[in-house]
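This briefing covers salt bridges, a surface patch and a pocket. The sequence and model come first.

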Amino acid sequence: MAKSILRKIAIFPVLVYQYTISPLLPSSCRFTPTCSQYMKEAILKHGVFSGGWMGLKRIVRCHPWGGHGHDPIP
């Protein structure tokens, strides 16, 4: 029960970003799924701490000199 609540709290900022800020920005993500979707799925699959860490590492890799293409959640 507590894990579910923590996950919902951790995902809430991602959802706010996806529905309010992301539509205003041009599409420029280099990866599939997008970084915000990756973060959300990683938290749901691996938990708040591991999934959050995976999502943060993905965001850091998302720059013009970084990788690109399909990058699924392990």
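**Salt bridges around Asp 71**

Asp 71 counts as buried, with a relative accessibility of 15% (buried is under 20% relative accessible area, exposed over 50%, partly exposed in between, with a 1.4 Å probe and protein chains only). Salt bridges that share partners join Asp 71, Arg 58 and Arg 61 into one network.

The model is predicted: local features need pLDDT of at least 70, side-chain atom pairs count only at pLDDT 80 or more, and totals for chains, interfaces and linings use all residues. Residues are numbered from 1 along each chain as its sequence is written, and side-chain values use heavy atoms, with hydrogens and water left out.

- A search of the whole structure gives two salt bridges (a side-chain nitrogen of Lys or Arg within 4 Å of a carboxyl oxygen of Asp or Glu).
- In the pair of Asp 71 and Arg 58, the closest N and O atoms are 3.6 Å apart.
- Helices (H or I, at least four residues) and strands (E, at least two) are DSSP runs, numbered from the N terminus.
- Both residues of this pair, Asp 71 and Arg 58, are buried.
- Arg 61 and Asp 71 also meet through their side chains in a salt bridge, at 2.5 Å from N to O.
- Arg 61 is in helix α3 and Asp 71 in the segment after β2, so the pair links parts ten residues apart in sequence.
- Arg 61 is partly exposed, at 38% relative accessible area.

**Nonpolar surface patch**

- A nonpolar patch on the surface is formed by Tyr 17, Ile 21, Leu 24 and Leu 25, which together have about 410 Å² of accessible area.
- Patch residues have over 30% relative accessible area and no salt bridge; like charges are joined within 9 Å, and nonpolar side chains (Val, Leu, Ile, Met, Phe, Trp, Tyr) within 5 Å.
- Areas come from the Shrake-Rupley method with a 1.4 Å probe, and for residues only the protein chains shown count as cover.
- Tyr 17 belongs to helix α1 (residues 2-21) and is partly exposed, with a relative accessible area of 34%.

**Largest pocket**

- The lining of the largest pocket includes Tyr 17, Leu 25, Cys 29, Cys 35 and Cys 62 (a pocket is an open set of points on a 1 Å grid over the protein atoms alone, where a 1.4 Å probe fits, with protein on both sides within 12 Å along at least five of seven lines; lining residues have an atom within 4 Å of a point).
- The elements giving two or more residues to this lining are α1 and α2 (35-46).
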